[in-house]
Amino acid sequence: MNEGMLQELGVVRAQIDAIDAQILALLNERARCAQHVGEIKAKYGEFGQVYRPEREAQVLRRIQDLNAGPLPDESVTFFFREVMSACLSLENPLGVAFLGPLGTFSESAAVKHFGHAARLAPQGSIDDVFREVEAGHAQYGVVPVENSTEGAVGRTLDLLFGTSLKICGEVVVRIHQHLMTRETSLGSIRKVYSHAQSLAQCHEWLNRSLPGVPRIPVGSNAEAARLASLEPGAAAIAGEAASERYDLPRLVESIEDEPNNTTRFFVLGRHDAGRSGADKTSLIMSASNRPGAMHELLAPLADAGVSMSRLESRPARSALWEYVFYVDVEGHRDDPAVKAALDALADRAACLKVLGSYPQAVY
């Protein structure tokens with residue numbers, strides 16, 4: 001590099017160093033403000049709930065509205081989530097249970113929502129995530145509820161019916177499936193490990209690119225990556241987190257058949273969330289077995305002008321050939337229109353359970 005270039009770079013790098021010092025000072029000032037919030041809560045006897053999902057969603061939306069670039073909204077949202085996570089951990093690091101092991105998309109969802117300062121606790125099953133939070137061993141749980149291509153996660157829906165936990169948040173994770181292996185060519189691959197759902201999401205790509213190669217379903221994508229990292233000729237289909245955790249190179253990236261493959265997760269806690277201004281409410285209801293019963297259940301939503309974004313039926317465990325319906329509506333349970341619809345539903349439904357109101361996911 002010539003002397004003129006070095007001088008110009010020196011000026012810009014000095015500016016960056018000065019800005020970094022300002023950022024550091026402001027981050028610590030923000031952390032002190034977060035500590036002050038905790039002191040104020042303690043002063044007035046509010047010791048319990050330090051995490052406020054609605055407040056976090058409001059902060060992130062405001063940051064996106066203020067963002068003038070060149071950084072994209074996704075980058076600034078990630079940065080401020082981590083800042084809030086670190087500040088919150090000064091009061092009390094949150095314990096978060098999720099469907100493990102480490103390296104799964106569920107871990108990615110937990111980190112995306114709570115940041116890296118949270119105390120993550122991988123669990124062996126969705127049932128264990130519920131139990132861990134119900135028992136108070138973790139403050140929150142993160143469980144998958146639906147995938148854009150494979151549909152609802154039935155076990156999560158079944159457990160929501162009987163739990164005392166509330167939905168207090170949602171996380172939406174874009175699912176990129178990668179073929180990872182220590183081999184250097186597709187022709188050297190003799191078997192492919194992955195979770196059954198991931199194999200289904202990459203079915204057509206596998207048919208085209210690895211015809212005849214055995215596909216072996218395992219308990220998780222992280223386990224698939226672990227096995228492939230140990231066996232010559234083996235490959236795994238998994239996400240970026242598994243690739244990094246097992247130091248397994250990605251031979252082909254983004255092999256999912258559906259380019260918009262997305263999984264939605266619920267955040268579970270012992271409370272739901274206050275109004276954030278852009279919310280959802282989830283509920284379970286059942287209809288009596290008679291003509292027009294389903295129409296009677298849906299009518300209060302239409303009459304109140306409440307938009308329904310999801311309707312999923314599941315067999316009821318109480319009787320053969322009877323069903324319960326899982327519903328998401330736009331709005332908070334304390335919004336006048338939603339409250340009016342829920343009051344009317346309570347009079348009409350054979351069973352009604354409000355699972356919680358929570359902020360819509362901030363991307």
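My entries on the pockets and the helix follow.

**Ground rules.** I'm working with a predicted model, where local features need pLDDT of at least 70, side-chain atom pairs count only at pLDDT 80 or more, and totals for chains, interfaces and linings use all residues. Residues are numbered from 1 along each chain as its sequence is written, and side-chain values use heavy atoms, with hydrogens and water left out.

**Helix α9.** I looked up residues 221–230 and found seven of the ten buried (under 20% relative accessible area, 1.4 Å probe, protein chains only). Asn221, Ala222 and Leu227 are among them. Helices here are DSSP runs of H or I, at least four residues, and strands are runs of E, at least two, both numbered from the N terminus.

**Largest pocket.** A pocket is an open set of points on a 1 Å grid over the protein atoms alone, where a 1.4 Å probe fits, with protein on both sides within 12 Å along at least five of seven lines; lining residues have an atom within 4 Å of a point. I noted about 980 Å³ for the largest one. Which residues lie nearest its centre? Out of 27 lining residues, they are Glu74, Ser108, Lys112, Val173 and Glu240. α3, α4, β5 and α10 each give at least two residues to this lining.

**Second largest pocket.** I wrote down about 500 Å³. It has 24 lining residues, with Leu99, Ser106, Pro144, His195 and Gln197 closest to the centre. α4, β3, α7 and β11 each supply at least two lining residues here.

Conventions: Buried < 20%, exposed > 50% of the residue type's maximum accessible area, 1.4 Å probe, protein only. Points joined across faces, edges and corners; volume = space filled by probe spheres on them.
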